[in-house]
Amino acid sequence: MKFGKEFSSQMVPEWQEAYMNYDFLKTLLKEIQRNKQKNKPPATTPTGLKRRPTLYRAFSGLINRQFSHNRPATSPGGSPQDIESQAILIDSVGREGSGHESYQTTFLMTAEEGGEYELVYFRRLDEEFNKVDKFYRAKVEEVMTEAAMLNKQMDALIAFRIKVENPQGWFDRSVEMTRLASDVAASAAALAASTPRGARASRRVNFLDAIGEQDESSSDDKDEKEDEISVNEKVRVEKPQSVRGTRPAPLEVLNHVTMNNTLETPRSTIKGVLNVPKHTELTFNRENLRKVEAQLQRAFVEFYQKLRLLKSFSFLNTLAFSKIMKKYDKITGRDASKSYMKMVDKSYLGSSDEVNKLMERVEATFIKHFSNANRSKGMTILRPKAKRERHTTTFSTGFFAGCSAALVLALILIIRTRKIVDDPGTTKYMETMFPLYSLFGFIVLHMLMYAANVYFWRRYRVNYSFIFGFKQGTELGYRRIMLPSFILAALALGSVLSNLDMQMDPKTKDFKAITELLPLMLLVSVTVVLICPFNIIYRSSRFFFLTCLFHCLLAPLYKVTLPDFFLADQLTSQVQALRSVEFYICYYGWGDYKLRENTCKSHPVYKTFLFLVAVIPYMFRLLQCLRRLFEEKDPMQGYNGGKYFLTIVAVCMRTAYSIDKGLSWRVVAWIFSISAAVVSTYWDLVIDWGLLQRHSKNRWLRDKLLIPQKSVYFGAIAMNILLRFAWLQTVLNFKVSSLHRETLITIVASLEIIRRGIWNFFRLENEHLNNVGKYRAFKSVPLPFNYDEDDDKDE
């Protein structure tokens, strides 16, 4: 793989604007190369056989001359000829508005032919480097501030742990101090053994050095501590005389600390409405200790991931500058890369080691306090490995996909051979059994659309796992999503094939109970697998789905996050599936399955629930919008809620028209349905997708596009408009002579699911681009403790 592709593939997606623009600098080098080739005199090639240029180079010898001991040594400054032949001169310039320095390269060969091209290259190179260095410096300052906060949280955790383990105080202080001293000595010995001698000599006190430790100072370390404190002035917010002197005694910390109620529950929501303070007094018990430890563990894991990405950012950009300068030397024949890379190594980007030291201290702290000194366990949590796609998953997916295709073909052939379409019992089958099996078709289609979304999100580097908040390493690939969908499709099609009898048994005057109960048994099996508490069949993903579903059911009582309203949006496209679930309850609950009758639709209770079931998903979204309007005071949430209210009215009018075919109901349903379709289409394209921007770089689209082909966006716009208006057939009352009414309803519902799948991709693409614009690559993790001084700062 070429470096350019590898460089872009390893970028943090949300920080891609902050990375060096490697491709653009390569285009500038190509212009320099074209100019040199244009002005270079034609080379005279020897007549006869054409040989490769490498065969005419001087022989380098069997012994590598680079390591020859007889080579004369050169002075550090180089000979006068070397200095005169230098192509660039790099100066550091103070940056306006900040105390940080920027770098400026002076190109000394502008008088040469084509020098103006190289001058433009170095100007753009300086811009890229200063951009990268500024961004890296800002992010390091952020993590230093966050490290100071984690310091204080660890102080409170250790004090809290002491109070829980010894609620009556210190009974035997000498024994405890001996134990603490032995722990400190053991950890110091382990750290000294694992640290190189040079690193120990040059080590500095940083933010996390004091986490969870009670080191005793000695007179031998006074000189070293003075040096450490003077060096560390740049990165410390406060300059204490010594670590022990500034940190309070462990138990005294608790006098200035309260607990944050960070868990979102209906009770906390009600308290928020009543303006009950979120901070509570400390209660020392093991349950609270477990909660605090779990919260701090999540905070440390997230903080460590941030440090890893910062380290990768520094390494990749340094490597990119080295690669691009080597390309420059190769094209121009100059030796400028050494001078430039010396500047890179001396800059903050190349010389800062705060991130590495923080990573070491976070690892040591996490292993000691959160994994019981088990290094392998701690590092597994800090560095979870992404699950690789197994060959068995690919094979199983293909196998069940083939089974599903074979069953569909067998179903078509059986219907044609038996002439089931012309059978008198077909009408009864379409009104009873077909709605039951169509439920599984809706589920499978939606899962396949989501699998396609995941495939294209990964292809175009949309960080969907971060947007949804998946735990690292638990996100599903598209093959792992397709596998259960094809298994469900094969089981459903197998049930259909075993239940194709159109006539009753002449002896019993009813249908076979076992075959009639197949759809119900399949639905119960799917439900059992979904709620199974054991660690099988994607437990983390199932739990995540059920949590979001529960938040939707209690929409106004939980803080609305993107996964919650994203799932509610999916449910709005599954109204017909929810009606199928309602039909399951009615059909099997009232015993209609024995005679394959449909007495549900004539019952007033069933008609009432037709309204409720159709409205429930839109009601979820309306309540979520109202909750966000109350919390965020964003008027856009109010407009969005108005859109869903209009849709609720339209759905109710269409349902009323489907029950009572009156002219007045049809006119009202027409008006509200068209209004809801127009408003929803506008919201989809302009707000959710961010398109139709008249003055953008890409006319009628938006400035940033992940898909290079603009026709894809215009095609998606046209598809969304057409499929948005497809369900108007319930009002227009289209009739196709060759299709049963239930078949037409199923086709329209499937088109809505397909529209939702298209909407999903562009909705998350727009969300990802918003994160990129704000360099938002991390979720904020709530901390368990709140200090009094933090409240004073807020005031």
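Predicted model: local features only at pLDDT ≥ 70, side-chain atom pairs only at ≥ 80, totals over all residues.
Me: What average pLDDT does the protein chain have?

Reply: The average is 81, and 77% of the residues score at least 70. Over residues 170-175, however, the pLDDT is below 50, and this stretch has three contacts in the model beyond near neighbours in sequence.

Me: Which residues gather in a patch of positive charge on the surface?

Reply: The patch brings together K2, K5, K30, R34, K38, K323, K326, K327 and K330. Two elements, α2 (22-39) and α10 (286-332), each give two or more residues to it. Helix α10, in which K330 is found, gives the most, with four residues.

Me: How many salt bridges does the structure hold?

Reply: Side chains of opposite charge can pair when their charged atoms come close. This structure holds 25 salt bridges. In one of them, the side chains of E516 and R596 meet at 2.5 Å, N to O. The pair links distant parts of the chain, 80 residues apart. E516 belongs to helix α19 (residues 513-516), whereas R596 lies in the loop between α23 (575-589) and α24 (604-632).

Note on methods
Residues numbered from 1 in each chain as written. Heavy atoms only, no water. pLDDT = per-residue confidence, 0-100. Contact = heavy atoms within 4.5 Å. Patch = residues over 30% accessible without salt bridge, like charges linked within 9 Å, V, L, I, M, F, W, Y side chains within 5 Å. Areas by Shrake-Rupley, 256 points an atom, 1.4 Å probe, with all protein chains shown as cover. Salt bridge = Lys/Arg side-chain N within 4 Å of Asp/Glu carboxyl O. Lys, Arg positive; Asp, Glu negative; His and termini not counted. Charge placed at Lys NZ, Arg CZ, Asp CG, Glu CD.
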